[in-house]
Amino acid sequence: MDLEEDFATTQDERNLELQMFRERWKQELGAKTAVPAGPTTGGYHEETSHDPNVTDCSRSTFEIAAEIFREGMKEERNGRVYEAISLYRHAMQLDPDIEFKMEKSAAVKPKNRVADVAPRQVPTLSPQEMDDEQETEEDILERLLTYDTLVYGTCLPEYPLGDTDTHISALPLEVLQYITQWLVSSELDMLSLERFTIVCRGFYRTGRDDAVWRLACMRIWGKLCERPEALNYGSWRQMFIQRPQIRFNGVYISRISYIRPGEASFIDQNSNYRPWHTVYYYRFFRFFADGTVLYANTPGCFRLTPDGEGVTIYLKRDLYKDDMGQRQTRNKRNSKKEGTETLVMELAIRSSRGRLHGRLDWKRYSITRKIGKIETHSLVDVHQQFPSSFFSRVKSYTGSSENPLE
């Protein structure tokens, strides 16, 4: 398909093509005025026209293409992608290698290059306004929410840049938003996103974009996810923070203790002294964003309850029988597989210790064993030896991002 058919022709484009035609016509006219003269002692000489209307106004093809290319860069940084593509196309029609030449000229002569974008005027408070009254949190939040990144840019460099340096504000807004998806990652590290927003006003507006928080909500609740208005939330971010959920950047830990009698030593055999020991051990839950869970050393899967207030965990493991006739869940030497065991755990999501959704309370625990054709069901009393599990963040889990948030 012809490239001309991909975009509609506007009045500005027609005017630009007319200007390009005039420039080429002036160049051709200037070249034709150079006529060879008769031979002399020094060989041939040329007489060129000194008409100021031709020589002073004529420019090279590269200069025209470079000017159009710079205009395209301005349009692209201002968010007008269609106009930028149209200008890039016209520049490449004049000089197919204009992009490489522009990069080369910028690398060789960085001090002589023309500024592509005029300095942005970022709204700030005057010293008198800062001295008259102290801003409240509501005033600061309102000023941050009214900051337009398309008009004022993402941010401005604090110190002068070197000749070969490029500031992050040169990136298009779409690229910066995609970087935030990598920052959050598939493990939903929203804490890193919150730290990203405190850098500057532009990063604050980018980190508060509904697109990122909507993807995070869809990642958490999936089919159970509804629009914030349907659940009386003001925004996607508010729903993500306040609605009960499972956290992936750490583990849920519960500590269990019991008392057992100890063995009396040889000295204590003739005395009334009998040692007792308090034993502590821990249970761990680690949840992953893909729906898998680890409980102790057993992998499984989990699903949020339909009401969104709890989570159901499914674990399945094999049963083995050794030569002594004792059943066990680990495959040891001389043991044979006898059946399977399925564990179903229902836990409620609660808040405690000043942390939202940081506690799991046991509601129901059932065990199903299937040995041959015999299947048995049993319920475990969760009120004994099943304390609540509390969330603890693990920094290494979010130390690097393997996949972006999608």
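Val212 touches Thr180, Val184, Leu193 and Leu405, leaving aside residues up to four places away in sequence. In this predicted model, Val212 belongs to helix H12. With a relative accessibility of 3%, Val212 counts as buried, because the cut-off for that class is under 20%.

**Val212 in space**
- Gln177 lies 35 residues from Val212 in sequence, and the two C-alpha atoms are 8.0 Å apart.

**Helix H12**
- Helix H12 spans residues 210–221, twelve residues in total.
- From its first C-alpha to its last, H12 reaches 16 Å, close to the 16 Å expected at 1.5 Å a residue.
- Gly222 follows H12 and has a positive phi, near 60°.

**Second largest pocket**
- The volume of the second largest pocket is about 490 Å³.
- Its lining comprises 18 residues, and those nearest the centre of the pocket are Met190, Leu191, Phe240, Gln245 and Arg247.
- H12 supplies at least two residues of this lining, as do H10, H13 and strand E10 (355–371) each.
- Sorted by class, the lining of the second largest pocket contains ten nonpolar, three polar and five charged residues.

Technical notes. Residues are numbered from 1 along each chain as its sequence is written. This is a predicted model: local features need pLDDT of at least 70, side-chain atom pairs count only at pLDDT 80 or more; totals for chains, interfaces and linings use all residues. Side-chain values use heavy atoms; hydrogens and water are left out. Helices (H or I, at least four residues) and strands (E, at least two) are DSSP runs, numbered from the N terminus. The expected span of a helix is 1.5 Å times one less than its number of residues. On a 1 Å grid over the protein atoms alone, a cavity is a set of points where a 1.4 Å probe fits but cannot get out, and a pocket is an open set with protein on both sides within 12 Å along at least five of seven lines; lining residues have an atom within 4 Å of a point. Grid points are joined across faces, edges and corners, and a volume is the space filled by probe spheres set on the points. Ala, Val, Leu, Ile, Met, Phe, Trp, Tyr, Cys and Pro count as nonpolar, Asp, Glu, Lys and Arg as charged, and the others, Gly among them, as polar. Buried means under 20% relative accessible area, exposed over 50%, partly exposed in between (1.4 Å probe, protein chains only). Contact means heavy atoms within 4.5 Å.
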